[in-house]
Amino acid sequence: MSAATDHGAGHGSGPSTTAGTPVLSLRGVSHSFGAVRALVDVDLDVHPREVVAVVGDNGAGKSTLVGIMAGTIVPDAGELVVDGQELGLTSPGLARQLGIATVFQDLALCDDLDVVENLYLGQELRRGGVLDEVAMEREAWRVLSRLGARVDSVRAPVATLSGGQRQTVAIARALLGDPRVLVLDEPTAALGVTQTAEVLTTIERVRDSGHGVVLVSHNMADVQAVADRVVVLRRGRLNGDFDAEQASYEDIIAAITGVSAPRRRRTAGEDA
Amino acid sequence: MSGTALDLSWRHGGAPWGRWRGEPGPWPVIGALVVLSLVFQAVNGNFLSADNLVNLTLQSASLGIITLGVVLVLMVGQIDLSVGAVSGLAAAVVAVGFVQQGWPLWVAVLTAVLLGAGIGGVYGLLTTRLGLPSFVVTLAGLLVAVGLQVRVLGSTGSVNLPYESWLVRFAQQTFLHPVASYAVVALVLAAYVGSRLLERRRRVEAELSAASLPTVAGRAAVLAVVLLVPTWYLNTDRGVGAMVALFVGLVVVADLLLRRTAWGRSVRAVGSNVDSARRAGIAVRRVYVTCFMACTALAALGGVLSAGRLAAANQGTGGSDLNLTAIAAAVIGGTSLFGGRGSAWSAVLGVLVIQAISSGLTLLNVDSSVRYVVTGVVLALAVTIDAVSRRRSEAGGGVRR
Ligand SMILES: Nc1ncnc2c1ncn2[C@@H]1O[C@H](COP(=O)(O)OP(=O)(O)OP(=O)(O)O)[C@@H](O)[C@H]1O
Ligand SMILES: [Mg+2]
């Protein structure tokens with residue numbers, strides 16, 4: 001629980017970014033699982049009012065990057081800067097306290113708990129020492145309807161929900177408590193057309209309220225719809241950082257697959 | 001908007017009689033209890049006599065307290081195989097401390113219970129810090145506790161507690177005065193109705209679906225019958241034993257902790273999916289450690305009470321099949337072996353089933369071999385119900401982790 005900086009703090013500060021301090025920066029982050037180098041020297045800045053899409057092939061290291069921002073993975077090397085302050089993000093609870101909310105690729109729900117219990121897990125509302133079920137249930141309906149979710153009962157165990165409903169619950173959980181940085185790992189993979197649209201609208205709304213969003217996705221249509229910046233990971237390394245307005249679909253695909261494309265750039269900073 | 005806390009099965013954190021689609025709830029166990037009672041009563045008219053039922057409740061109390069601890073550990077998806085041995089060790093500590101060392105009795109009792117909690121703390125640390133499986137850690141703990149029990153009891157191997165000590169009197173001869181028992185029932189009913197009405201009003205104010213007034217009244221009436229009939233019947237004989245009242249009181253406290261506090265919620269979350277619970281920011285280790293400690297502390301308390309009831313502690317206290325009986329009782333009562341689902345009340349139901357079988361077969365003068373077989377069959381049935389209902393809810397669950 002302590003905020004000890006127990007990973008490599010000796011890195012020089014990365015290339016400085018353009019206007020505005022990032023809410024969240026990763027500097028020279030590397031992480032290995034045994035012999036697998038999941039991330040190698042990755043820099044990433046998330047600014048306020050910005051949606052950063054992280055794309056890459058399967059196994060490129062996207063979820064590892066998400067885990068590091070969520071506090072579930074402590075990287076082997078590199079540092080994490082929140083609000084200009086370098087710190088060791090050593091627990092998921094700490095990340096939440098700092099306002100970093102995450103939707104995990106596997107959703108991280110507890111099947112035996114109902115929707116309300118999952119939404120407020122680890123951040124329950126209390127009233128005189130005991131759980132305030134009424135307030136939590138009321139808020140649950142509110143945040144779910146904001147996402148256009150269709151659930152019959154917020155008191156059914158999430159094991160009984162459909163894949164899309166579960167995904168909506170996970171997204172709703174991340175939105176509770178008004179996070180400053182919203183990290184989403186494949187948030188629309190299981191969603192239908194309407195729900196996907198709602199989630200994309202929500203992402204834009206979070207951005208417009210001044211927060212930063214990291215969106216990991218395989219869905220290029222989603223990325224192009226909401227992203228301001230597209231960061232490409234390839235085999236654990238940064239392989240491109242594009243302005244979403246200017247980059248073409250082909251540029252991004254080329255960076256993902258590693259086939260060289262004429263306008264491919266390799267910069268760690270921001271272009272626009 | 002449908003769905004209220006009342007729709008929820010007790011195993012998912014709802015009220016004890018809560019029910020949820022496709023979930024059997026406590027009904028199979030209650031059904032089993034009714035069937036067992038009718039069968040035994042048909043064969044031997046003494047089974048349902050007030051005298052026999054008072055004995056049955058007294059025999060249930062210490063095993064029930066141990067089972068309550070097992071329920072907590074099962075809820076987080078762990079197991080404690082050493083509850084019997086820990087209860088035996090606690091009994092030995094009380095007897096030797098009080099009789100041979102001359103400690104004040106309350107000091108001896110407190111020491112035994114704290115020792116129990118300490119053992120659970122060690123289990124918790126070994127499983128969370130070193131990642132050892134609780135199965136093995138508690139098996140090792142069982143052996144250590146048995147060894148300590150023999151050592152503490154010394155060469156005689158048995159220590160008698162004086163009949164006039166309060167522990168023995170509490171466990172053997174203290175019964176709630178009938179007036180007191182009815183007063184407790186009235187208080188519980190008033191608290192229940194009050195909290196229901198309060199919750200109803202808040203839900204209506206929040207524009208959530210709320211139980212109708214007739215529903216609240218109906219449930220209160222059912223609760224009144226469930227509480228008053230046994231109290232009245234036991235009062236026609238010796239009454240409600242103090243130890244029985246203590247057991248039920250502990251169950252009520254555990255039930256409220258599990259359903260109404262953040263700790264209880266984290267217990268169910270950890271049992272359901274540790275990894276998700278950790279990523280939700282729950283201090284998973286603390287949850288494990290508190291459950292192990294509560295389990296062994298309750299086991300120690302159960303051992304102390306059984307020493308009081310027998311007015312003695314010996315090498316056999318807490319031995320033989322007590323471990324397995326307590327675990328079987330928790331599962332028969334409806335707590336899942338797979339973690340995440342259960343209720344404090346399953347300790348009551350499970351222990352009643354086990355003791356009904358034991359008492360009924362004793363009345364029939366049947367060999368203990370039959371008792372083991374019958375208990376084993378009931379346990380197998382309970383696990384089957386658990387596994388089937390789990391599979392069914394998974395089948396409806398779409399994507400799983
Ligand atoms: N817990 C783990 N243990 C061992 N190896 C891991 C673990 N998690 C990830 N890896 C490895 O690290 C690499 C990056 O995995 P990661 O999950 O970050 O990929 P990803 O980009 O999210 O892929 P996908 O698009 O399939 O979700 C992979 O080679 C994977 O095998
Ligand atoms: Mg991934």
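Accessible areas here come from the Shrake-Rupley method with a 1.4 Å probe, and for residues only the protein chains shown count as cover. On that basis chain A has an accessible surface of about 10600 Å², with 49% of it belonging to carbon and sulfur atoms. The model is a predicted one, so to speak: local features need pLDDT of at least 70, side-chain atom pairs count only at pLDDT 80 or more, and totals for chains, interfaces and linings use all residues. Residues are numbered from 1 along each chain as its sequence is written, chains are lettered from A and ligands numbered from 1 in the order in which they are written, and side-chain values use heavy atoms, with hydrogens and water left out.

Chain A carries eight helices and 12 strands; helices (H or I, at least four residues) and strands (E, at least two) are DSSP runs, numbered from the N terminus. Of its 272 residues, 59% count as buried, where buried means under 20% relative accessible area, exposed over 50%, and partly exposed in between (1.4 Å probe, protein chains only). As for contacts (heavy atoms within 4.5 Å), residues 24 or more positions apart supply 67% of those in chain A with a separation of 6 or more.

Ligand 1 is surrounded by 13 residues, the closest being Gly59(A), Lys62(A), Ser63(A), Thr64(A) and His218(A); a residue is near a molecule or strand if one of its heavy atoms lies within 4 Å of it. Polar contacts are pairs of N or O atoms within 3.5 Å; within protein, one must be able to donate a hydrogen and the other to accept it, and residues adjacent in sequence count only if both atoms are side-chain atoms. A side-chain N or O atom of Lys62(A) sits 2.7 Å from an oxygen atom of ligand 1, and for Ser63(A) the side-chain distance to a ligand oxygen is also 2.7 Å. Taken alone, ligand 1 exposes 640 Å², and the protein buries 60% of that. Strand E2 (36–46) and helix H1 (62–70) of chain A are the elements giving two or more residues to the shell, with H1(A) providing the largest share, three residues. Sorted by class, the shell holds four nonpolar, seven polar and two charged residues; Ala, Val, Leu, Ile, Met, Phe, Trp, Tyr, Cys and Pro count as nonpolar, Asp, Glu, Lys and Arg as charged, and the others, Gly among them, as polar.

H1(A) itself is largely enclosed by the rest of the structure, because eight of its nine residues are buried. Among them are Lys62(A), Thr64(A), Leu65(A) and Val66(A). Just after the helix, Gly71(A) takes a positive phi of about 85°.

Over to the packing. The largest nonpolar core has 100 residues, and Val270(B), Ile282(B) and Val353(B) have the most contacts inside it; such a core is a set of buried Ala, Val, Leu, Ile, Met, Phe, Trp, Tyr and Cys residues joined through side-chain atoms within 4.5 Å. Helix H2 (residues 50–75) of chain B gives the most to this core, 15 residues. Apart from this core lies another of 41 residues, including Val115(A) and Leu144(A).

In chain B, Ser359(B) is found in helix H14 (residues 345–363) and is buried, at 9% relative accessible area. Leaving out residues up to four places away in sequence, Ser359(B) touches Phe47(B), Asn52(B) and Leu56(B).
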